[in-house]
Amino acid sequence: APSDRVKLVEVGPRDGLQNEKGIISLDTKLQLIDRLAKAGLNNIEAGSFVSPKWVPQMDNSSEILTHLLTKPPSAPSPLTFSFLAPNQKGLTNALSILSAHPDNYTTASPTQSKPAVEIAIFTAATESFSKKNTNASIAQSLETYREVIQSAKDHNSSSPLRVRAYISVVLGCPFEGYDVSPHRVAEIATELLEMGADEIALGDTTGMGTAPRTKELLTCLRAAGVRNEDLAMHFHDTYGQALVNIAVALEHGVRVFDVSVGGLGGCPYSPGATGNVATEDVVYFLESLGMDTGVDLDAVADCGEWISKEVGRSNASTVGRAVLGA
Ligand code: HMG
Ligand code: MG
């Protein structure tokens, strides 16, 4: 039977902040990561080695990675940090920082003194979104990632970097609507796994996913031989369906979910899409099911309120507002 332990991947510092127009200081980003870590979120997507012309907000990801390697936050449990890389250049930038601090991280299980670092790549289930987000067709992006994965594994052959692979717009596309084929998603997932990706994160970028379509997608992936252990679900909450979709995925046996504190976020290349499902909402929901997340709900609610104020937004977490009586 699937376990009661759920892994939450906190993407607030990356997906949550990447779309903010006002420049958020390095200090605020580091404080956010520190607060999340202290609240028990031990898997944190901390930045993105993408082109600063495309996503200016992620421009100081080098400083963030350097800081996390040299002054890792103190936290109740060992930490894993991931960073996006859209191509060889992004990976090289990340690897050069890792090479400068070879004793300060691990690619295996993290310890209290050595965080783990991993890379995340991202393609899409539709041609239009792939083009808008990375200026490449799906096939071109897969060719790029074949090399990126290889380089991430070869960097240190005795300890290959773990690579997470996102597929965006799996349940709806801002340009192609609901016309996204679950079979195409299964094909792309299979190809990424064959290339050596360690995990497939299925992105409902637009929040257009519904319970029946989530079920259909997961059933199709299972039929194609993609195992639950290879999957993470990345729901945006634009239509308020994220928790329902998570319930469906849990029932199916998936145990890894991406969350964003305060419900922050959105993709700059997905017009109208709002943030990821709020960390606070998911923690509250999982606790109600008797499932274990390792996250301190009060601490993460405080963090959500704080970062919402910092970026000048109202707190988008329903549970966060309720817990705080706000
Ligand atoms: P391009 O313009 O086709 O790239 O962009 P290029 O190779 O022609 O290079 C153009 C310039 O960018 C050159 O500089 C390169 O050096 C530079 P110039 O010579 O003009 O001065 N460049 C870079 N600089 C820094 N880091 C790099 C890099 N690569 C090239 N890695 C590219 C192609 C992929 C770079 C671009 O489209 C890009 O950066 N896209 C990223 C878009 C993005 O970050 N989107 C948000 C993340 S995905 C997401 O949010 C979805 C997700 O949450 C899941 C979901 O919800 O579905 C993950
Ligand atoms: Mg996203």
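## Close-up views of a predicted model

**View 1. Helix H11 and its buried face.** Val300, Ala301, Cys303, Gly304, Glu305, Ile307 and Ser308 of H11 are buried. This is a predicted model. H11 covers residues 297-310, which makes 14 residues. From first C-alpha to last, H11 reaches 20 Å, close to the 20 Å expected at 1.5 Å a residue. What do the buried residues of H11 pack against? Their partners are three helices: H2 (26-38), H10 (279-288) and H12 (318-324). Just after H11 comes Gly312, with a positive phi of about 75°.

**View 2. The whole chain, for orientation.** The chain holds 12 helices and eight strands. Its radius of gyration is 18 Å, close to the 20 Å that the globule rule gives for 326 residues, so the chain is as compact as a globular protein of that length. The C-alpha trace spans about 45 × 40 × 40 Å along its principal axes. Of the 326 residues, 51% count as buried. Among contacts with a separation of 6 or more, 75% join residues 24 or more positions apart.

View 3. UniProt, in an unreviewed entry, lists residues 6-301 as "domain: Pyruvate carboxyltransferase". In the model, this span is 40% helix and 16% strand.

**View 4. The shell around ligand 1.** Ligand 1 is surrounded by 27 residues. Which of them are closest? They are Ser51, Gly90, Ser168, Gly203 and Thr205. Helix H4 (88-100), helix H5 (127-134) and strand S5 (162-168) are the elements that give two or more residues to this shell. H4 supplies the largest share, three residues. By residue class, the shell has 10 nonpolar, 14 polar and three charged members.

View 5. Most residues other than glycine have a negative phi. Val169 has a positive phi of about 50° and is not a glycine. Val169 sits in the loop between S5 and H7. Is Val169 buried or exposed? Val169 counts as buried because 27 C-beta neighbours lie inside 10 Å, and the cut-off for buried is 20 or more. Asn135, also not a glycine, has a positive phi near 55°. Asn135 is in the loop between H5 and helix H6 (138-154). Asn135 has 12 other C-beta atoms within 10 Å, so Asn135 is exposed; the cut-off for exposed is 12 or fewer.

**View 6. Phe175 and its contacts.** Phe175 is in the loop between S5 and helix H7 (182-195). Which residues does Phe175 contact, leaving aside its neighbours within four places in sequence? They are Thr126, Ser128, Phe129 and Lys132. Thr126 is 49 residues from Phe175 in sequence. In space, their C-alpha atoms are 8.8 Å apart. Phe175 counts as partly exposed because it has 15 C-beta neighbours inside 10 Å.

**View 7. Thr274 and its contacts.** Thr274 lies in the loop between strand S8 (256-259) and H10. Beyond its neighbours within four places in sequence, Thr274 is in contact with Gly207, His236, Asp237, Thr238 and Gly266. Thr274 and Asn19 are 255 residues apart along the chain. Their C-alpha atoms are separated by 9.6 Å. With 18 C-beta neighbours inside 10 Å, Thr274 counts as partly exposed.

View 8. Ser109 is in the loop between H4 and strand S4 (116-124). Why does Ser109 count as exposed? Ser109 is exposed because 9 other C-beta atoms lie within 10 Å, and the cut-off is 12 or fewer. Ser109 and Gln31 are 78 residues apart along the chain, with 24 Å between their C-alpha atoms. Glu143 is found in helix H6. Glu143 has 13 C-beta neighbours inside 10 Å, so Glu143 counts as partly exposed. From Glu143 to Gln18 is 125 residues in sequence and 25 Å in space, C-alpha to C-alpha.

Note on methods
Residues numbered from 1 in each chain as written. Chains lettered and ligands numbered in written order. Predicted model: local features only at pLDDT ≥ 70, side-chain atom pairs only at ≥ 80, totals over all residues. Near = placed C-beta within 6 Å. Helix = DSSP H or I, 4+ residues; strand = E, 2+ residues; numbered from the N terminus. Nonpolar A, V, L, I, M, F, W, Y, C, P; charged D, E, K, R; others polar. UniProt positions renumbered as here; feature names shortened; annotations may be inferred. Expected span 1.5 Å × (residues − 1). Contact = placed C-beta atoms within 7 Å. Rg over C-alpha atoms; globule rule 2.2 N^0.38 Å.
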